[in-house]
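Colleague: I am new to this model and would like to go through it with you. Could you put the sequence and structure up first?

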Amino acid sequence: MGWPLRMFQKEGYYFVTSRCFQGRLLLRPSAEVNEVVGGVLARAVQQSAGTIRLYAFTFASNHFHLLVWARGAALAGFMQYLRTNLSKKVGKLVDWSGGFWERRYSAEPVLDDTALVGRLRYVLAHGVKEGLVERSAEWPGLTCLPQLLGPARRVFQWFNWTKRWSKRGSEDLAGEGRFAREWAEPVELELARLPCWEGLKEEQRQRAVRGMVEQVEAEARTRGTPVLGARAVNAQHPHTRPEHLKRSPRPLGHASTRQALKELREQYRAFVAAFREAAVRWRRGDFLACFPPFAFPPRVVPTQVL
């Protein structure tokens with residue numbers, strides 16, 4: 001069965017999720033993994049040249065979430081760059097050479113301010129709602145919480161393997177690993193402000209974030225379930241495959257009203273119908289067929305001549 005068609009807006013907000021292969025803990029937090037992940041994420045945002053804005057992120061042991069704004073189909077290139085570099089660099093750190101990602105990432109449109117705040121709360125709840133840590137600040141993986149409660153900019157190291165490759169065969173390269181400081185370049189990762197919070201002062205935004213976190217932690221305490229703890233999280237082997245994975249249907253989008261979701265569903269149906277009609281013509285050799293905006297034509301396999 002093929003993947004659902006992905007519909008991009010002229011510009012819009014998306015909640016993005018990507019899971020590791022078989023749910024393995026390949027992103028298991030450590031100081032080295034966090035630094036590499038932060039550098040790759042910062043570099044990916046930098047490479048997007050203003051077509052991507054990052055509002056929130058959290059990296060769990062076997063998946064990650066992003067809250068972004070994207071122009072047109074820019075999210076496709078951004079995610080390709082991000083996931084490719086994460087798989088190569090984190091894969092090298094954790095000694096994993098196979099497929100790194102389980103399937104295609106999901107990118108669900110976020111349609112209004114209330115839904116944006118709700119997705120931010122979901123990101124901040126990670127680690128606590130899963131019973132991994134008691135407090136959001138205790139999560140040992142990379143998260144946007146420190147930037148939401150402090151300076152919006154944070155500096156990571158981007159390990160420039162192209163630079164290392166250019167010096168292959170040099171005597172100076174002897175003994176220098178892929179993550180040596182010689183190849184490290186500082187890169188800034190900056191969070192954008194939620195549009196609905198633009199009019200708030202910094203202190204007010206931080207108070208809103210702390211309020212969300214306190215609510216999440218209070219709800220977790222009422223459940224009374226045991227907590228794994230940051231030390232146990234760090235002690236897990238990254239190749240571990242969980243016995244059970246939590247899976248739920250991915251929504252078409254996020255909105256605070258049923259009407260907004262209904263309109264999105266109708267828009268998506270029209271998009272799919274237009275795409276399929278153009279695809280039929282495309283496969284028949286009519287390469288002037290008009291696809292919906294920001295859609296990628298299907299790959300055409302040439303007919304083999306015997």
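Modeller: The sulfur of C196 lies 14 Å from the closest cysteine sulfur, in C144, which is too far for a bond. Bear in mind that this is a predicted model, where local features need pLDDT of at least 70, side-chain atom pairs count only at pLDDT 80 or more, and totals for chains, interfaces and linings use all residues. Residues are numbered from 1 along each chain as its sequence is written, and side-chain values use heavy atoms, with hydrogens and water left out.

Colleague: How many disulfides does the count come to?

Modeller: A disulfide is a pair of cysteine sulfur atoms within 2.5 Å. The sulfur of C20 is also too far for a bond, because the closest cysteine sulfur, in C144, is 18 Å away. By this rule, the number of disulfides is zero.

Colleague: Is C20 buried or exposed?

Modeller: Buried means under 20% relative accessible area, exposed over 50%, and partly exposed in between, with a 1.4 Å probe and protein chains only. C196, at 27%, is partly exposed. C20 has a relative accessible area of 0%, so C20 is buried.

Colleague: Which way does helix 1 run relative to helix 2, roughly parallel or roughly antiparallel?

Modeller: Helix 1 (residues 31-47) and helix 2 (residues 74-93), both DSSP runs (H or I, at least four residues), pack with their axes 9 Å apart and at an angle of about 160 degrees. Axes are lines fitted to C-alpha atoms over the stretch in contact, and angles run from 0 to 180 degrees between N-to-C directions. Because angles over 145 degrees count as roughly antiparallel and those under 35 as roughly parallel, helix 1 is, relative to helix 2, roughly antiparallel.

How values were computed
Helix = DSSP H or I, 4+ residues; strand = E, 2+ residues; numbered from the N terminus. Parallel < 35°, antiparallel > 145°, perpendicular 65-115°, else oblique.
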